[in-house]
Amino acid sequence: MSADPVIPLLGLTRSELGARVESWGFKPLHAGKIWRHLYLEGRTDWETITGLPIKLVDRLQADTEVGWLPITRETHSTDGFTRKYLLGLRDNHQIETVLMRYSGRVTACVSSQVGCAMGCVFCATGQMGYTRHLTTAEIVAQALHVDRILRATATEDPALAETDHESPHHRHERLRNIVLMGMGEPLHNYDAVIKATEILREPGGLALGAKKITLSTVGVVPGIIRLADEQQPIYLAVSLHSATQEGRAALVPVAKKWPLDVLMEACGYYAEKMGRRIFFEWTLIEGENDRPEDAHAVGRLLQRVPGQVNLIPLNPTNGYGGAASDNAAAKRFQSILAEYGLPSTVRQRRGIDIAAGCGQLATLED
Ligand code: SAH
Ligand code: SF4
């Protein structure tokens, strides 16, 4: 047995696993079998894999762990569309992952950090402060966790599970979409997050399309530029919330570090280099940023950047007193954006009864 620390398999890319297997003196083709067993079958009983040398099974058992995260608490929304999982980490911290069903597809809302350092005033994660970055394995584990839930649902009640016509090999409903919109700021933890997206996209594994992964950032400018320079194929959402530097800095303290004009320049650079539009998120707060003049300001601001605006009526959190805009205000906002040719959507409010809505994730007792 080596003196190396135990390796979490979920933190390895397919080629890293191959290199590891080879370094132990086995043929790299075995890595493919292990990979499929783990990601396609959702199994870790290595001894059942046909043709896998017993010495390799021993090695896997001694030197690796999968990196599953145990469920500490599970809550289901009353409408049945949202499930929130509190998952335990090795160092006893906890994170939240949300399973959402929107019009027939399943999306996992995945966390990137324990807490968050960015301090947005209306966000429960921001209100709890920053503890640490998640590792790649901890990020991948959240997605696999949701995929396993779907697998288990299919076994318990096949009638409930849709057959996935796109992947005929799998009779269970598969995880199709991931949004990096859980706890934390993903671009503050760039390397671990991007490596996780690479693992999740790997063919022969979860094989998620790059267009099925959306990363949401508060506006970490160097990270946005790096995504563009590296041509990372995932989708980008930028949390805007205000179209003036002053207004934004009041809601999003990190706007003082990366002011609005610098952020918009980075967004323009990204959109041009990637040849695609950006989603701009706007938490709608009554009387704060939902007035007609706010909508006109967004319309003007986004003239030069191809974008779409996702309006998110404020979800309640303990540390912020603001109220959500009503439907009429959201509609009015949308129609003004339309005058500028800006497409927009209003996010469906889901999972609010279990504090699983945007910005409500925190691991303190609610
Ligand atoms: N840190 C990243 C991603 C996680 S937050 C970011 O800030 O973009 C995901 C989204 O939820 C962001 O757009 C954020 O602004 C929004 N959000 C945070 N708190 C919210 C709340 N209380 N109500 C509605 N949306 C909220
Ligand atoms: Fe962090 Fe995003 Fe919450 Fe801001 S909104 S505190 S960046 S998780």
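Here are some numbered notes on this predicted model and its two ligands.

1. **Ground rules.** Residues are numbered from 1 along each chain as its sequence is written, while chains are lettered from A and ligands numbered from 1 in the order in which they are written. Because the model is predicted, local features need pLDDT of at least 70 and side-chain atom pairs count only at pLDDT 80 or more, whereas totals for chains, interfaces and linings use all residues, and side-chain values use heavy atoms, with hydrogens and water left out.

2. A residue is near a molecule if one of its heavy atoms lies within 4 Å of it.

3. **Polar contacts of ligand 1.** A polar backbone atom of Gly184 is 2.9 Å from a nitrogen atom of ligand 1, and a polar backbone atom of Cys358 is 3.3 Å from a nitrogen atom of the ligand. On the side-chain side, a polar atom of Glu281 lies 3.3 Å from an oxygen atom of ligand 1. A polar contact is a pair of N or O atoms within 3.5 Å; within protein, one must be able to donate a hydrogen and the other to accept it, and residues adjacent in sequence count only if both atoms are side-chain atoms.

4. **Ligand 2.** Which residues surround ligand 2? They are Cys116, Met118, Gly119, Cys120, Cys123, Gly126, Gly184 and Val218.

5. **Two positive phi angles.** Most residues other than glycine have a negative phi. His241, in the loop between β11 and α8 (245-251), has a positive phi of about 70°. Asn92, in the loop between β4 (82-88) and β5 (94-102), has a positive phi of about 75°. His241 counts as buried at 4% relative accessibility, but Asn92 is exposed at 68%. Buried means under 20% relative accessible area, exposed over 50% and partly exposed in between, with a 1.4 Å probe and protein chains only.

6. **Buried or exposed elsewhere?** Gln232 sits in the loop between α7 (221-229) and β11 (235-239); its relative accessible area is 8%, so Gln232 is buried. The side chains of Gln232 and Glu230 are joined by a polar contact of 3.0 Å. Arg350, in the segment after β14 (344-346), is buried at 17%. Lys27, in the loop between α1 (14-23) and α2 (29-39), is exposed at 55%.

7. Arg350 and Gly80 are 270 residues apart along the chain, with their C-alpha atoms separated by 9.7 Å. For Asp326 and Val110, 216 residues apart, the C-alpha separation is 28 Å.

Definitions and conventions. Helices (H or I, at least four residues) and strands (E, at least two) are DSSP runs, numbered from the N terminus.
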